[in-house]
Every structure is written in structure tokens, then in C-alpha cells.
Amino acid sequence: MLFPTLAFGVFFLFVYFTAWSLDRENGRRKLFLLLASWFFYAQWDWRFVALLIFSAVLNWGVGALIARAREQDGKTAWLVGLGGAANLLILGFFKYYGFFIEQAGDLLMRFGWERDLPLLQIVLPVGISFFTFQGISYVVDVHRGKTPPAKSLLDVMLLMSFFPHLVAGPIVRASDLLPQFDRAPRLTRAMATHGLLLIVWGLFKKTVIASELSVNLVDPVFFDPSAYGAFDIAAAVYGYAVQIYCDFSAYSDMAIGIAALLGYSFPRNFDQPYRASSMQSFWRRWHISLSSWLRDYLYVPLGGGRKGLAASCINVFITMVLGGLWHGAAWTFLAWGALHGGVQVIERLGRAVFGDRKVIPTVIGVLVTFHIVCLGWILFRAETFELAMAMLQGLGRIGPVTALTPLLLTLIVGGLAMHWLPSRAIEGVAERLKAAPSITLGLLIGAAFLLIEAVRPDGVAPFIYFQF
Amino acid sequence: MNDHRDPPEIPLEPFPVHPQESPFPPLYESLPPGPADPHSDWNQNADAHDLPTRENRLAALGRFAFPPAPPLDDEGIAARDRRWTSRTIVVVTAFLLVFNAVSPLNWSRQQAPSWLQGTVQQMSEVWVGQLAVFGVDIPRQGAREVWMALREARFVGQEPAPPAP
């Protein structure tokens, strides 16, 4: 069940009115939201609801054991290791088993030790990377004392299963959401207006910009780059940069908006990433919940920047490579992570030499960073290195423009230009609209929905980040 | 009986010589002295008009027909905001049911045949047909036509768009 579908609209209306009718009974409200979330997840594959329940029970149990061990002897490190390893085992089995078995088979064949390894056709549960990372963050935060253990299993289950963020984030941490579960939520006009605007804006970005670019430009060009000239290939690369931003940030916007209408607040996940003037700045603006997760639960435990420049560079490189692997079990993702990590290492070395002096003008920094990011997107989008190389080679092949049209060019330019809007534009509009009568706002939002519905292509492609 | 006292030699016996205990409380004067009064807080400069007086509810009404309600508490404000949001969502839903009525029909045509799909399709067809009489599908159709024209536009010298299937 995808957000921009009629089925989800009906589902959400039912959840909204039922949840608020249980306003005075927070426990029953949470139970209802949990059941609704399981129903939502079961629309993909009902069998994986059991995995979701198992993962929640596992993390809740480890959290409770950590709390008990702290009261008794204070030794909780092994429990954190156990919890983290169990979570990674689940993730590794479903996401990386096939990849590693294939690589091991290739390696054995090269040495002449060919074996029939047990290849399994494992279906990847949607959103497994997201809820597994949430589970790890819960266990580690309880260990660090950043969040108290959940008061009930229901809270942990809802934390991990809550349908707005379940399949594609943002990665909402226990310290963000558990305190909100403690009390019956409140809904203010500001939250509601903001939520509705985010849903409309997300719907526009996904169903109009991302879908149009994907179907008419990016997919055909990436499918067969040899059939296109340099202009089309460059447009496809820029188009993919806009498409993936509009696709993923749209999901985050809609998730935040839907949660807001149910009375819960999620953290921001994007902050105009293509106006970043360095790769470090890019990762502070792109998929913020993942980058901050990697920082807190991987980079810092590795030692962070505490052990000198060399160690800091190694740690950031390892973090980014593993971040690339998180996106998928493929060498292209590893290369994408290595590219981002490598550029960040260069930036650190540059800062070590030049200090905080501004060596490169901001405009140049933005342009360079954006094009490195685009280079990374080629690796990210291409399924193989050969295809990525064909795209790069095609950039030198002058030919007629066949795929790019005035509308697609407008969408690319518009998708990039939205990064230079005021950084809190939606919040600003929401502040003005929250005083409007409900019928006025309803008609405005309805007209916006109608316009989007009129121009969107038939059907809707799954969000790109569902596969991660 | 006369005005003279009885002569003292007349013995009182056999009448009682001790007075009986009075059924009434003792006289104030006969009580032992109690603790001293506390220090007086009398303020010579105080004005009796400064003291709070009991409000006359009828007088307080003044020109109002009834007293104004007390201000909303947090719970009241939250409930009001919730109602406002729900009304907004209902307006959006109603608006789309009228002006975007074709959406459920399109959805039903994309589903596998079933009782639900068939029911939704039949109801949607009737609904869309009835609303088309009033021309409520014109805004959506007009926006779509503009969009399709934009999609088919090409740069100068570029081959025209292939005909739609």
C-alpha cells in the first residue's frame, strides 16, 4: 500500500478518525495504531509481520535485560553486543546472504575450489533496514542511558512498526518517539496545517516530478545509454538527481505529515541537500536520520575524530562505505559509499592544511559538490559498473537531443531551484494558513490535490528507498 | 407569709442544707480567667471600601443576557483544533469526491475482479455519470489537457512526440 494511492487514502481516513475517537484512552489508541500498522505492512507480505513482531520482542527483551543488569552489576556491554549482533544477523540474512554467497562462490571458483553453495531465493522484507536500525538505536540508547527502557512491549512494537515511517523512514529514534507515546497526543492547528501541506507537497514531488522524470527520461536513458547523446545522458543524470531527491524526500514529507495528523512529531529528514557546498554539508542535509544514525552508532564508536586526523579519516571512510552497503548488497553501492567517504577524507585533509579559511567560493563549492554527488548517483542508479561506465562514456558523445523535452527540462530546473527557496518555506505558509477557516483550507488543499491528480501519470511506481 | 425574715432559731432541718447543682452552665464571672487575647491587627488607616465585597451576580450581568463563559483550558483548545482539522479533512474528501470522482473509477479498473472491485466500479460509474451532467469534471479534464500539451511540446528541430497509444 503506497502513500499516493486511493487505497491508502481510505485506510488513512479510517485510522485518523478511529485513532482520535480513542483520544482519552492512550493505551487502546496505541494498540489500535499498532494493529493498523501491521495491517499496512501485511499489504506487502503478511508473513513478514511475524518478523516485525519478533524483532520488536527481541529489542524490548534486550532493553529490559540491560535495565535489570544495570541495577545489579552494571555490566551491560555484552547485552548491547548481543542485541546489536541479533539485529545485524536478521538484516544480514535477509539482505546480504545472497550477495555474500555469490561472492564466496566466485572466489572459490577462481581458486579452483568450486562448490555448490546453498543459494536461497530470499524475499527482502520491505523496510527491513529501517526497522532494524531503529531496533539497534533503541538498545544502544538504553545502554547509554539516553533513553529509559520502554514501559511496555506495546511501546517498542509501535516504535518499530508505526506505519508512517515503517517502510522508508525517517529513522525515528526511541528517544524521539517513546516520550510521545507516554501521553495521549495533542493536535494543534499548526501541526495539522503543516502536516497537510507536507502531504500535498510530497505528493506533488513524487507523483508529478519524480514519476515524470523517471518514466520519460531516466529509465530509458539508463536502460540503454548507447542510444542517446551527451545532452540526453547529462539530462538523465541531472534528472536522476532530482528524481531521487523528489522521490525520497516526498516519502519523508508525507510520513512526517501523516504522523503530524495523528499527533506525533518526527524529525526532519532533508534540508535542501543540493545547496551544500561540501560533502560534509551534503550529509548534514541528505537523509539526516540515516547520517546522524551512522554518526552516533558507527562513526563515534569507531573512535570518531578523537584519535587524530588519520584515524578520523579512516573512520569516516569506513562509515561511508558501510553506509553505501546499507543501501544494497552490490559493488556499485560500495563504490558509491567509497566515493562519498573519499571526498570527505579529502575535505578533512584540506581543512587540516588550510584551517577554517575559505579557500573555495561558496558557488564553486556548491557546483563541485553537486557534480560529485551526481557522479555518485550514476553508480547508485546503474546496476553494474559496465552500465555506469557506458553512461560516463556517453557524456562525450555528441548527438541529437531525443529524450529531453521542454517539460522535462523545466522539471529538472524546478527540482533544483526548489533548493533555493527559503529553508522553512512550508512552515512559513503553514503559519499563515493555520488561522484560515477549515472550509477555506479544505478547499485549497482539495484544489491542490485535484491539480496533482489531474497531471500525474496513471499508476505510481514504488518509492526508490523501499528496496533498502 | 409576711415581710419578715424567718427567725434564725427556726431550724432548717429536715430541709436540705447544701444547694443542689445547677442544671445551667456556670456564670461567666465564675469561670477561671482564660489566656490573654492575641495582639490586635487593627489598622487605623484602612478604608472599609477596600475590603472585598461579595459580588452580586445579577448586578454583574450588566447589559449581558447571561455571564460570559470562562476561557478554554488546554483540553478545550486541543479539542477545538482537532475538530477544525477533522472538518478540513472532511471538506477535502468531499471536494475530491465531487471534482475528482473519476479517481475511484480508475482505481477499480486497475484491480483484479472481485466483489469489492465490481461494486466500487458500478457505483463510481453512476457517480461520475451523474456529476458529469453538472460539468464538475471540466476542471480536472482541462488541467490534464494543458499538461498533456506541455508533455508533447518539443524543442525546435526535435522530432515530434510519438502518438499516444
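## Helix H19 of chain A

In H19(A), the buried residues are Leu441(A), Gly442(A), Ile445(A), Gly446(A), Phe449(A), Leu450(A), Ile452(A), Glu453(A) and Ala454(A). A residue is buried if 20 or more other C-beta atoms, placed from the backbone, lie within 10 Å of its own, exposed if 12 or fewer, and partly exposed in between. Helices are DSSP runs of H or I with at least four residues, strands are runs of E with at least two, and both are numbered from the N terminus. This is a predicted model, in which local features need pLDDT of at least 70 and side-chain atom pairs count only at pLDDT 80 or more, while totals for chains, interfaces and linings use all residues. Residues are numbered from 1 along each chain as its sequence is written, and chains are lettered from A and ligands numbered from 1 in the order in which they are written.

H19(A) covers residues 438-455; at 1.5 Å a residue its 18 residues should span 26 Å, and the end C-alpha atoms are 26 Å apart, which agrees. The expected span is 1.5 Å times one less than the number of residues. The buried residues of H19(A) pack against H9 (189-223) and H18 (425-433) of chain A, and against H2 (74-99), H3 (102-110) and H5 (138-152) of chain B.

Chain B has five helices and zero strands, in the order α-α-α-α-α along the sequence. Of its 165 residues, 7% are buried.

The contact between the chains takes 30 residues from chain B and 29 residues from chain A; two residues are in contact if their C-beta atoms, placed from the backbone, lie within 7 Å. On the side of chain B that touches chain A, the elements giving two or more residues are H2, H3 and H5 of chain B. H2(B) supplies the largest share of that side, 14 residues. By class, that side has 16 nonpolar, six polar and eight charged residues. Ala, Val, Leu, Ile, Met, Phe, Trp, Tyr, Cys and Pro count as nonpolar, Asp, Glu, Lys and Arg as charged, and the others, Gly among them, as polar.

## Helix H2 of chain B

The 26 residues of H2(B) should span 38 Å at 1.5 Å a residue, and the end C-alpha atoms are 37 Å apart, which agrees. Buried in H2(B) are Trp84(B), Thr85(B), Thr88(B), Ile89(B), Val91(B), Val92(B), Leu96(B) and Phe99(B). Their cover includes H1 (6-21), H9, H10 (230-261) and H19 of chain A together with H5 of chain B.

## The loop between H11 and H12 of chain A

Trp286(A) sits in the loop between H11 (279-283) and H12 (288-302) of chain A. Trp286(A) counts as buried because it has 23 C-beta neighbours inside 10 Å. Not counting residues up to four places away in sequence, Trp286(A) touches Phe270(A), Pro273(A) and Ser291(A).

His287(A) is not a glycine, but has a positive phi of about 45°. With 22 C-beta neighbours inside 10 Å, His287(A) counts as buried.
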